[in-house]
Amino acid sequence: MPMFVVEYTYSPETSSGRDDHRTDHHAWLAELVRRKVVLSSGPLADRTGAQFIVDAADEDTVTRLFTHDPFAQANLVSKVLISKWNPLIGEIRT
């Protein structure tokens with residue numbers, strides 16, 4: 001199955017909203033990790049966004065999946081970039 005990197009960009013104006021929804025966002029992610037759909041995730045070091053490594057059939061599946069994120073449902077993500085990724089070296093390989 002292909003891998004994808006999903007990158008979120010956040011706006012400083014939505015910081016308090018993300019704080020309000022962070023528990024639900026983490027629970028949503030934890031379920032995807034449990035199902036081995038999200039392999040890794042975390043905020044960018046400067047806190048302007050986050051990245052997720054996703055194992056999914058295709059980009060449409062990833063797009064639909066990430067509409068269920070509580071952050072996305074609360075309009076707290078300014079931009080979403082989905083890139084197909086082909087890891088060759090390291091722990092994650094296709």
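This report describes the sheet, the helices packed on it, the nonpolar core and the aromatic contacts of a predicted model.

Residues are numbered from 1 along each chain as its sequence is written, and side-chain values use heavy atoms, without hydrogens or water. Local features need pLDDT of at least 70 and side-chain atom pairs count only at pLDDT 80 or more, whereas totals for chains, interfaces and linings use all residues.

**Sheet and helices**

Helices (H or I, at least four residues) and strands (E, at least two) are DSSP runs numbered from the N terminus; two strands pair if DSSP finds at least two bridges between them. Four strands form an open sheet, ordered E2-E3-E1-E4, with antiparallel pairing. Because strand E2 (38-43) and strand E4 (79-85) each have a single partner strand, they stand at the edges, and one side of each is left without a neighbour in the sheet. Neighbouring strands are turned by 15° against each other on average, direction ignored. Axes are lines fitted to C-alpha atoms, for helices over the stretch in contact, and angles run from 0 to 180 degrees between N-to-C directions. Seven bridges join E1 (residues 3-9) to E4; Glu7 has Leu81 of E4 as its bridge partner.

| Helix | Strands touched or crossed | Angle |
|---|---|---|
| H1 (residues 15-34) | E1, E2 and E3 (49-55) | about 155° with E2 |

**Core and aromatic contacts**

A nonpolar core is a set of buried Ala, Val, Leu, Ile, Met, Phe, Trp, Tyr and Cys residues joined through side-chain atoms within 4.5 Å. The largest one has 20 residues, of which Val6, Tyr8, Phe52, Val54, Val62, Leu65 and Phe66 touch the most other members. E1, H1, E3 and H2 are the elements giving two or more residues to this core. Not counting residues up to four places away in sequence, Phe66 touches Val6, Tyr8, Trp28, Phe52, Val54 and Ala72.

Rings of Phe, Tyr and Trp (its six-membered ring) pair if their centres lie within 6.5 Å; planes under 30 degrees apart count as stacked, over 60 as edge-to-face and the rest as tilted. The whole structure holds six aromatic pairs. Among them, Tyr8 and Tyr10 are edge-to-face, at 6.1 Å centre to centre and 65° between the planes. Tyr8 is buried (under 20% relative accessible area; exposed is over 50%, partly exposed in between; 1.4 Å probe, protein chains only), with a value of 1%, and Tyr10 is buried at 12%. Ring pairs link Tyr8, Tyr10, Trp28, Phe52, Phe66 and Phe71 into a cluster.

Technical notes
Contact = heavy atoms within 4.5 Å.
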